[in-house]
Structure formats: structure tokens, C-alpha cells
Amino acid sequence: MRVTVRLFARLRDIAGAAELTRDIAQGATIGSVWRQLAGEYPELGRYERSISSAVNADYARMDQVLSEGDEVAFLPPVSGG
Amino acid sequence: MTRCPDAQTPRYTEDMPLLAIRSAPLELNALIAGLGDRGGADGAVVTFLGLVRNHNAGRRVQYLEYEAFEPLALKTFARIAGELQERWPGARLALHHRIGRLEVGEASVAIAVASAHRAEAYAACRYVIERVKQIAPIWKREFFEGGDVWIEGATADPDDTRARAEAERAACA
């Protein structure tokens with residue numbers, strides 16, 4: 001199945017894209033999408049413990065299982081204000 | 001200097017919601033107007049403006065660029081408004097954050113809190129800016145003399161009760 005991945009701030013710069021699509025296995029979690037991306041873009045690795053994630057614009061945990069068509073977002077540490 | 005208030009003072013309109021991400025300059029008066037007067041039951045409005053500072057970590061800042069994950073940022077603002085209601089029942093919030101390029105001295109965030117008494121208005125206003133910095137999916141990129149850098153602060157986790165308690169401590173200090 002296919003999901004959309006959105007990347008923000010420095011993560012977007014590292015991947016060179018704000019939005020990607022990826023084919024994932026049935027039962028794949030947010031975490032497995034992250035590991036797949038970190039494999040493609042090793043510089044993402046240092047964000048392993050500091051990113052947040054969201055599915056369909058709601059905060060979600062890395063162990064959440066994804067569904068066809070989901071939009072997964074990876075968020076580096078925030079700096080609003 | 002002569003000024004014409006009618007021409008220069010922006011008015012609150014229905015299309016300016018209480019919680020917003022905007023690329024246009026922020027207008028504190030519009031937030032205050034948006035809170036309404038609750039028929040005279042309010043005794044205090046406390047406001048906060050966050051400004052682009054010309055220095056940071058020893059660097060001379062030229063300008064900032066803000067970006068947001070807008071749909072999640074708006075939900076996060078609503079969540080913060082809900083937390084406010086739990087902690088300071090009756091306090092009302094208007095919160096606008098700006099995105100795009102901001103020059104030194106411009107406002108990046110504007111907060112207005114109205115309530116019956118000043119103590120909760122002050123505390124709640126401080127709480128809101130602390131929570132925005134903790135959990136709103138917004139980022140700033142700093143352009144300084146000689147380079148640029150993404151500023152990375154807190155790992156956003158709205159369910160982190162320790163972070164929320166920290167924000168409450170700052171608010172009630």
C-alpha cells in the first residue's frame with residue numbers, strides 16, 4: 001500500500017523534498033516508514049530520538065499502524081514563538 | 001504627526017478567527033476585539049507579543065523565516081485553549097502565529113487572554129506561550145551574518161505531562 005510522507009524544516013532540507021510517496025507493507029508502522037527514510041537519507045538518523053510524528057494531521061506515536069492513503073508527517077524539534 | 005484612527009486601526013471581522021496562522025502582520029488590537037467584552041464581566045486582558053530579536057546565541061540576526069504544519073498547528077492551538085479552560089476556567093484565548101519572512105522587530109506571535117481577574121489572565125497568557133514553544137508544529141530558520149540555521153527546540157509531545165507541568169510552573173511563578 002501507499003502512503004504520503006511530509007517533511008518539515010531541516011528534515012525537508014535533508015531529503016530535498018517536502019512530500020514523498022512510499023510503498024509500505026501491510027501492518028507497517030510510522031516507525032518502519034521512518035527507518036526506511038533514514039536508510040535512504042542517513043543524515044536523518046540523528047533525529048531518531050528527537051522527532052515527533054503525525055498521521056493525517058494528528059499527533060501519533062511511532063508504533064501506530066498505517067493504512068492505505070495515510071499522510072505521515074515527521075517533525076523535527078519545534079521552535080515556534 | 002496626525003493619524004487617522006479610522007483608516008489605520010484594523011477592525012475585527014468575522015473572517016479573523018481567534019486561533020490562526022497568518023502570513024500578514026499580526027494585530028494585537030484585532031485579537032483583543034475578537035475576545036469580545038462578555039457584557040462587562042471581564043476585569044483584565046493580558047497580551048503578549050513575541051518579537052524577532054536582532055541577536056541570538058552570539059549571532060547578529062538579519063531576519064527569520066517561519067514555517068508551520070498548519071492543520072496540526074491549529075489543532076494544537078485548540079488543544080492549548082482547552083488546557084487553559086481546564087486550568088483557568090473562564091479565561092478566553094486569542095492566539096495568532098505568523099509564518100514566512102519576518103524582519104527584526106516584527107511580531108511572530110500574538111496572544112491575548114481575557115478573564116475576570118488579572119491574576120489568571122497573567123498566568124494563562126504565560127502558560128500559552130510556554131505551550132506554543134513546547135508543542136506547536138512551527139519552526140524558525142535564522143538568517144544571520146555569515147549563514148543560516150534551523151532552530152530546534154523542544155521535541156513536540158502534547159501528552160508529555162511533565163512538559164505541561166513545567167509550563168504551569170512558569171505560568172504561576
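# A tour of chains A and B

Start with both chains on screen. In this predicted model, 32 residues of chain B are in contact with 26 residues of chain A. Contact means heavy atoms within 4.5 Å. Residues are numbered from 1 along each chain as its sequence is written, and chains are lettered from A, with ligands numbered from 1, in the order in which they are written. Because the model is predicted, local features need pLDDT of at least 70 and side-chain atom pairs count only at pLDDT 80 or more, while totals for chains, interfaces and linings use all residues; side-chain values use heavy atoms, with hydrogens and water left out.

## Stop 1: the interface

The size of an interface is often given as the accessible area lost when the parts come together. Here the buried area between chain B and chain A is about 2,300 Å². Buried area is the accessible area (1.4 Å probe) that two parts lose on being put together, summed over both. Carbon and sulfur atoms give 53% of the area between these chains.

Now select B:Phe69, B:Trp139 and B:Glu152. They supply 29% of the area that chain B buries against chain A, more than any other three residues.

## Stop 2: charges across the gap

Side chains of opposite charge can pair when their charged atoms come close. A salt bridge is a side-chain nitrogen of Lys or Arg within 4 Å of a carboxyl oxygen of Asp or Glu. How many salt bridges cross the interface of chain B and chain A? The rule finds five. Over all chains, the whole structure has 21.

Select A:Arg12 and B:Glu67. Their closest N and O atoms are 2.8 Å apart, in a salt bridge. A:Arg12 sits in helix H1 (residues 9-15) of chain A, and B:Glu67 in strand E4 of chain B. Helices (H or I, at least four residues) and strands (E, at least two) are DSSP runs, numbered from the N terminus.

Next, pick B:Arg141 and A:Asp13. Their side chains also meet in a salt bridge, 3.4 Å from N to O.

Polar contacts come next. A polar contact is a pair of N or O atoms within 3.5 Å; within protein, one must be able to donate a hydrogen and the other to accept it, and residues adjacent in sequence count only if both atoms are side-chain atoms. Between chain B and chain A, 23 residue pairs are in polar contact, both residues being at pLDDT 80 or more.

Which element gives the largest share of the side of chain B that touches chain A? H4(B) does, with five residues. That side divides into 18 nonpolar, six polar and eight charged residues. Ala, Val, Leu, Ile, Met, Phe, Trp, Tyr, Cys and Pro count as nonpolar, Asp, Glu, Lys and Arg as charged, and the others, Gly among them, as polar.

## Stop 3: strand E4 of chain B

Select E4(B). Two strands pair if DSSP finds at least two bridges between them. E4(B) pairs with E8(B) in the antiparallel sense over seven bridges. Find B:Val61: its bridge partner in E8(B) is B:Phe144.

E4(B) also pairs with strand E6 (residues 100-103) of chain B, antiparallel, over four bridges. There, B:Leu64 has B:Leu102 as its bridge partner.

Two bridges join E4(B) to strand E3 (residues 55-56) of chain B, again antiparallel. Two residues lie between the strands of this hairpin, and B:Ala57 takes a positive phi near 50°.

## Stop 4: the four-stranded sheet of chain B

Four strands form an open sheet in the order E1-E5-E7-E2 of chain B, with mixed pairing. The edge strands are E1 (19-22) and E2 (44-51), each pairing on one side only.

Color strand E5 (residues 92-98) and E7(B). Six bridges join these antiparallel strands. B:Arg92 stands opposite B:Ala114 in E7(B).

## Stop 5

Finish on chain A. Five strands form an open sheet in the order E2-E1-E5-E3-E4, with mixed pairing. Strands E2 (19-23) and E4 (58-60) of chain A are the edges. Inside, select E1 (residues 2-7) and E5 (residues 71-75) of chain A. They pair in the parallel sense over four bridges. A:Arg6 has its bridge partner, A:Ala73, in E5(A).
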